[in-house]
Amino acid sequence: MVLDPDDRCVHEERVRAHTTPQRAARRAHIVLLTAGGCPAWRIAEIVRVDVSTVERWRDRYAREGLAGLEDRPRSGRPPVYGPEVRLRIVAAATSTPPHPYDSWSHRLIAGHLADTGISASQIGRILAALQVKPHRVRGWLTRPADPNFFTKAAEVCALYRRCPPDSVVVSVDEKTAMAARSRKHPDRPPVPGRGRRREFEYVRHGTVSVTAALDVHTGQVVVDELPRNDSAHFIRFLARLERCIPAGLTIHLVLDNGASHTSRATRAWLARHPRIVPHYTPKHASWLNQVEIFFSLLARAVLRHGDFTSRADLLQKVTDFAIVHNETARRFRWNYQGRPRQTEHQIAAAAKEPCHAR
């Protein structure tokens, strides 16, 4: 067998490449050994196949060239459900489900296409192959364009990074509906190789809501029970806060856009107390309110695995956690400056500008 130079290059590349499928590399090796004058029995020993396999691929390459080394089309089992049924499945999965269902399931689609006789499991395989997942929902926020978004964000972040003279920066927010639940049976303590075990049954004792104020530059926090999340109780908390802070300091108050924070009564009270200067985070940007970091610490340390015998017990543990937190409190390190982050393209373009233009 005499190989064409171009074909030889193709075969040698297939044998050398680590990404070549095993069957393609084996067939190319058989052709190269055959062209080198190696007998079929010896090629079978080297490639570790049967002699008939060597003869088959050698003869097919001699007749058809490179195309002869590809697999022949196989008949296989004819598809039971044609493209029309598959299109109907996709159309159902991407449409609104019938009343009163909120999302499609494989069984529901099978019932919707009962005239085809297709099973729920087959629908699952078809949708999985198409990567269509009607049972999954991913939420997003359609936030209206706010031309002052980064202006407000930068104002809040500037207060976090540097406290104005003769001032105190306080971040205020509420944590509502903390469930006071007690387990019917005591937990089993952890042992080597096994974590703590907890009985799933519990007794509800109601919920507790609190208002918290975080001194951004010291890390100290004040927590007060919130009987009702309305303007009257929020104003009462602000009045208490004003009494606790020395009279010579201006209070910069960081708030989100909650109803009790932006109500007419709250704004009127703030107008009568010019010592308190409110700074509102942009809409849908409550993550800029630094007291949320304290709430995260509270949830992980007390609420997530807590066992509370009553509402009073829950409130006491929340208060005690704030006291313990204040003993070693430090300010949170805040790096975000409230500016839109530059892309790599923008950074590269700025680096090419002359120094006097920056």
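Let's start with Y160, which is buried, with a relative accessible area of 1% (buried is under 20%, exposed over 50% and partly exposed in between, using a 1.4 Å probe and protein chains only). Keep in mind that this is a predicted model, where local features need pLDDT of at least 70, side-chain atom pairs count only at pLDDT 80 or more, and totals for chains, interfaces and linings use all residues. Residues are numbered from 1 along each chain as its sequence is written, and side-chain values use heavy atoms, with hydrogens and water left out.

So what does Y160 pair up with? Its partner is W334, and the two rings sit edge-to-face, 4.9 Å centre to centre with 75° between the planes. For rings of Phe, Tyr and Trp (its six-membered ring), a pair needs centres within 6.5 Å; planes under 30 degrees apart are stacked, over 60 edge-to-face and the rest tilted. W334 is buried too, at 16% relative accessible area. Y160 belongs to helix α8 (residues 149-161) while W334 is in the loop between α13 (311-327) and α14 (344-352), so this pair ties together parts that are 174 residues apart in sequence. Helices (H or I, at least four residues) and strands (E, at least two) are DSSP runs, numbered from the N terminus.

There are five aromatic pairs in the structure. One of them is F149 with F150, again edge-to-face, at 5.1 Å centre to centre and 80° between the planes. F149 is buried at 8%, whereas F150 is partly exposed at 36%. Elsewhere, F294, F295 and F321 are linked into a cluster by ring pairs.

Now for the sheet. Five strands make an open, mixed sheet in the order β3-β2-β1-β4-β5; two strands pair if DSSP finds at least two bridges between them. At the edges are β3 (221-225) and β5 (276-280), each pairing on one side only. From one strand to the next, the twist averages 30°.

Walk across it from β1 (residues 167-183), which runs antiparallel to β2 (residues 202-215) over eleven bridges. K175 has V210 of β2 as its bridge partner. Next, β2 and β3 are joined by five bridges, also antiparallel, and here A212 partners V223 in β3. The hairpin of β2 and β3 has five residues between the strands, and G219 in it takes a positive phi near 85°.

Is T281 buried or exposed? It counts as buried, at 1% relative accessibility. Leaving out residues up to four places away in sequence, T281 touches V156, V254, L255, D256, N257, L288 and N289, where contact means heavy atoms within 4.5 Å.

Finally, look at helices α5 (residues 83-93) and α7 (residues 120-129), whose axes come within 11 Å and cross at roughly 80°. The two are therefore roughly perpendicular (65 to 115 degrees; under 35 is roughly parallel, over 145 roughly antiparallel and the rest oblique). Axes are lines fitted to C-alpha atoms, for helices over the stretch in contact, with angles from 0 to 180 degrees between N-to-C directions. R86, I89 and A93 of α5 meet I123, I126 and L127 of α7 in this contact.
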